[in-house]
Amino acid sequence: MTNIFAIVLAAGQGTRMKSKLYKVLHPVCGKPMVEHVVDHIETLNVERIVTVVGHGADKVKEQLGDKSEYVLQAEQLGTAHAVQQAEEILGALEGTTLVVCGDTPLIRPETMKALFDFHTAQKAKATILTAVAENPTGYGRIIRNEGGQVAQIVEQKDATFEQQLVKEINTGTYCFDNKALFETLKLVGNDNAQGEYYLPDVIEILQKQGEIVSAYVTNDFDETLGVNDRFALSQAEELMRARINERHMRNGVTIINPATTHISTDAIIGSDTVLLPGVIIEGKTIIGEDCTIGPNSHIVDSKIGNGTTVHSSVVLNSTVGDVTAIGPFAHLRPESTLGNHVKIGNFVEVKKSTLGDDSKVSHLSYIGDAEVGSNVNIGCGSITVNYDGKNKHKTTIEDDVFVGCNTNLVAPITVRKGAFIAAGSTITKEVPEEALAIARARQENKLGYVNKLNSK
Ligand code: UD1
Ligand code: CA
């Protein structure tokens, strides 16, 4: 949309969070609050997005990258002062400016768009997004005159007892005529309980100047939640979680217990996949169709094919094929790649390894820095001995190999196609194609020895 700009306020420390992490960087469903806000604005295709940074400026910039332009508010003198910092970028432009706080991650782009459309239809100089709160404590209150028009916004700390009873609140999201905004900001003072320059005062000033000032009331207070402390953070997390889960359920994913299912904003899940209780899906994870995930699985930044099961297991930054079974109690560490019809069973750890189609590691094994072909069977308790105390070494196991139980493969090592390793072997030399390798002490039976011992 041309001649439409956005300013995101993100310079505050967030004292009430009592945190070393700057407030707007606190994640909600895995994504920092301010990034939710910027991502939502991005979907509106505005011409420019300017984020006001201050506390933790470098960290905020690093997080948002080139999604936004930045201005620095060196001292946090209030929200009006924060917006004023954007004058150097936007001040001379004709158009409409959307202002959103970096601590309101739940406001949907649809609501911002509705606010903008209402503002345009009203031909207003300023329009605030308001909502009716069950408990308005902490928010600025919307004070309307007899005619029902917005007269002013009063902050909690400046409100009289009567004003505190008002349930209509300022969500901190506004549309302004851009020129009028920067003109009026010059007139805002700081004679109030907090000694700050309040952005909401722009509304009162414009109103008194006889300009059209309007309010767009959204009927969903939850969406406008401002996160100032950890309690509100937990509420935001719960609301966002419910929203994400609902989207997946409407797309054909079964979620048995949404209250215990955590899915990141950016995850993609195919239809007819079932998420059992206790599942956490983080980052840019992609899960195919017809999978069963859980109970109790944790999947981070991974790609899982179709028809695969991940039972009570951890999968980190890995790729898993179709109709593959993982767990219970397996651990796929970063950079692992599993083919189709693979089985990784209980108490198996795989690290930075590749396993081809139809290969199986069913119980109690460690596979690290290994390249395993297809149709390989690795018996219970087998280990790739990849670390000599200084360096990591590679194990190569070609197709159709059978590794007997309790085998140590001392890397660097190669086991050629179709080879067979006897149980209990410690393999230190290459095993040729289709050879039997046996590397263990021979068994000796001493007949009658037990009787002899007992008769002593
Ligand atoms: C603000 C509004 C209040 C509204 C509420 C909605 C003001 C004065 N009050 O209150 O009417 O109901 O949001 O959630 O605007 N910030 C800066 N620089 C500053 C101060 C703040 O960038 O100097 C940023 C903060 O990082 C934050 C946002 O502005 O993202 C809002 O500031 P905050 O202190 O949270 O304001 P509230 O007290 O919640
Ligand atoms: Ca706030």
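Good morning. I begin with F402, whose place is in strand β36, residues 402–403. Strands here are DSSP runs of E with at least two residues, while helices are runs of H or I with at least four residues, both numbered from the N terminus. This is a predicted model, in which local features need pLDDT of at least 70 and side-chain atom pairs count only at pLDDT 80 or more, while totals for chains, interfaces and linings use all residues. Residues are numbered from 1 along each chain as its sequence is written, chains are lettered from A and ligands numbered from 1 in the order in which they are written, and side-chain values use heavy atoms, with hydrogens and water left out.

How accessible is F402? With a relative accessibility of 34%, F402 counts as partly exposed. Buried means under 20% relative accessible area, exposed means over 50%, and partly exposed lies in between, with a 1.4 Å probe and protein chains only. Together with F420, L436 and I438, F402 makes a nonpolar surface patch of about 390 Å². Such patches consist of residues with over 30% relative accessible area and no salt bridge; like charges are joined within 9 Å, and nonpolar side chains (Val, Leu, Ile, Met, Phe, Trp, Tyr) within 5 Å. The accessible areas come from the Shrake-Rupley method with a 1.4 Å probe, and for residues only the protein chains shown count as cover.

Strand β36 is one of 11 strands in an open sheet with parallel pairing, in the order β12-β15-β18-β21-β24-β27-β30-β33-β36-β39-β41. At the edges stand β12 (254–255) and β41 (436–437); each has a single partner strand, so one side of each is left without a neighbour in the sheet. Two strands pair if DSSP finds at least two bridges between them. As an example, β15 (residues 274–275) and β18 (residues 292–293) run parallel and are joined by 2 bridges. Within this pair, V274 stands opposite T292 of β18.

I turn to the division of the chain. Domain 1 covers 4–224 and domain 2 covers 253–437, with bounds taken from an automatic or database domain assignment. The C-alpha centres of domain 1 and domain 2 lie 49 Å apart.

Which strand comes next? In β7 (residues 126–132), 6 of the 7 residues are buried, so this strand is largely enclosed by the rest of the structure. Strand β7 is joined by 6 bridges to β10 (residues 168–177), and these two run antiparallel. There, V132 stands opposite E168. Another 6 bridges join β7 to β11 (residues 213–218), this time in parallel, and A126 has V213 as its bridge partner in β11.

The next topic is the metal site. D103 (OD) and N228 (OD1) coordinate the calcium ion, ligand 2, at 2.2 to 2.4 Å. D103 lies in the loop between β6 (96–101) and α5 (109–122), and N228 in the loop between β11 and α9 (230–250), so the pair ties together parts that are 125 residues apart in sequence. Donors are N, O and S atoms within 2.8 Å of the metal, or 3.2 Å for Na, K and Ca; water is not among the atoms, so sites may look incomplete. D103 is buried, at 12% relative accessible area, whereas N228 is partly exposed, at 22%.

Finally, the salt bridges. How many does the structure hold? There are 22, each a side-chain nitrogen of Lys or Arg within 4 Å of a carboxyl oxygen of Asp or Glu. One of them joins the side chains of E35 and K67, at 2.6 Å from N to O. Since E35 lies in helix α1 (residues 33–42) and K67 in the loop between α2 (57–64) and β5 (69–72), the pair ties together parts that are 32 residues apart in sequence. E35 counts as buried at 10% relative accessibility, while K67 is partly exposed at 24%.

A further salt bridge joins K351 and D369, at 3.0 Å from N to O. K351 is in strand β28 (residues 349–351) and D369 in the loop between β31 (366–368) and β32 (370–372), 18 residues apart. Both residues, K351 and D369, are buried. Salt bridges with shared partners also join K31, E35, D39, K67, D266 and K284 into one network. Thank you for your attention.
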